[in-house]
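This report looks at aromatic rings and their surroundings. The sequence and the model are shown below.

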Amino acid sequence: LWGDYVHVRKTLAHSVTYLWRVQFHSVSEIIVLLYEYFMLSGDRAFAESAYDVCRQRWSELFAAMDSRGLIPNIGYGCDDPAQLKQAGSRQYMPDGTAWIYHGARAMENLALHFGDAGTAANARMAADRIHAQYRALFYDEPVGYLASSIDAETLRKIPVYQNPATMAMIGTHGDTLLGELVKPLADFQKRELAHPAGRSAVPYWCIADEMWKSCIMLQHAGHEMRTLRYAGEFEELARMWGVYEGLFDRCKLQIETINLCGMPGDPTGQRADWQAFGSAAQYDVILRSVFGLELDYRAISYTPCALDVEARIAQLRHGTSRWTVEITGAGAWVDSFSVDGIPLRATVQVPAGYFDAQSHTLHIARSARPPETPYLLRTPGAGATVAAMDNGALRISLEGYGRIPVWIAAPSCPRNCDVNGQKTDVVWFDALGKGYVEVLCRGEALVCIG
């Protein structure tokens, strides 16, 4: 995020060498990171060489999917599955399955960039099969949360509800996968995962082992907090930000897990002061959940939220460009979105033309007044060269390659939508006041919504 692409490239080059030593959800992580690196750096030569290796391991991942298009027994919840009642049977888990989904989406877009039609097709098939069943499989409606695992034979939900369940929101397409479920998931976090010392990994009434009821896992902060922001739960977002800041002030570390009840000797229970995934998650919290900024291919977008935070970021780097970002005002919506002093209408995403070897400014002024017309939220995987209202319709010109969800917000579901002149439907979430249309972009595409 700070333009240190040399070290990122070295890390990825090393990671690609041990793709055959890690489980399939970790393979997906590496594929996603390669795609993100390519999108932000533009380093096509390295990305294509690493893609050739990733494609071989992806083929094995795709072949390992069962008749439902899923891979059992991959998750992030704990080192000892028995603690979460996951031992002794084949089980599907929402966190590992979400990472396979993100990996498939990234693999499809990489394949489209590099002209690999066969891999693009099977990656799309894998992503679509997961998307079609994910919510029905894992969401326990009476509880209001995702079950941490389900029996792969009977599809019975195991009544354990642990916070890694929202890991879908760590990736670019998390809201595409979860849809309106971000609302009840955020509400469950607020109600059932509260703890006198901040946040528990499971509810107090859960059948998981007792130790999970008094610990907080810092590496999961990113997806939990992003769930809150996307659901508009700004009060809980502010409370949990205070919890994380307080833990840092008290312990002066960023690690995996902190025992909230304390223990003899080392109060953290771990022989480390810093761990990479704990530290990265807290940074992610600041940038994406507290400030609401998302960086993508030729894009910086803002996720509106009523969280009462004003901020100024100097020297935020995106590729070769440098950005000074200011967020002012209050409210759940945006009053003005200005790049280099020029107000832009109908968008909260920086247009693609600004990502050059120059310094730029972005000023976001928030408002308590909701907009009266549709506006562009973000286009993950593609840049938007133009987003403007034209005769009552929102016109969005895209550049890039891949299957792109074009997210918009509007007072109500748009009645008409076409992509390159072909009528299509908007996937709309009324409870969120937003939706998306998926676009297969092969260089350029035009979306009209009205």
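## A partly exposed tryptophan

Trp-205 has a relative accessible area of 36%, so this residue counts as partly exposed. The model is a predicted one.

The ring of Trp-205 pairs with that of Tyr-161: the ring centres are 5.9 Å apart and the planes stand at 55°, so the pair is tilted. Tyr-161 is found in the loop between strand S5 (157–158) and helix H6 (174–178). Trp-205 is in the loop between strand S7 (198–199) and strand S8 (215–217). The pair therefore ties together parts that are 44 residues apart in sequence.

Tyr-161 is buried, because its relative accessibility is 4% and buried means under 20%.

## The cluster

Tyr-161 and Trp-205 also belong to one aromatic cluster, together with Tyr-145 and Phe-188.

## An edge-to-face pair

In total, the structure holds 15 aromatic pairs. Among them is the pair of Tyr-37 and Phe-46, with 5.7 Å from centre to centre and 90° between the planes. This arrangement is edge-to-face, because planes over 60 degrees apart count as such.

Conventions
Residues are numbered from 1 along each chain as its sequence is written. This is a predicted model: local features need pLDDT of at least 70, side-chain atom pairs count only at pLDDT 80 or more; totals for chains, interfaces and linings use all residues. Side-chain values use heavy atoms; hydrogens and water are left out. Rings of Phe, Tyr and Trp (its six-membered ring) pair if their centres lie within 6.5 Å; planes under 30 degrees apart count as stacked, over 60 as edge-to-face and the rest as tilted. Helices (H or I, at least four residues) and strands (E, at least two) are DSSP runs, numbered from the N terminus. Buried means under 20% relative accessible area, exposed over 50%, partly exposed in between (1.4 Å probe, protein chains only).
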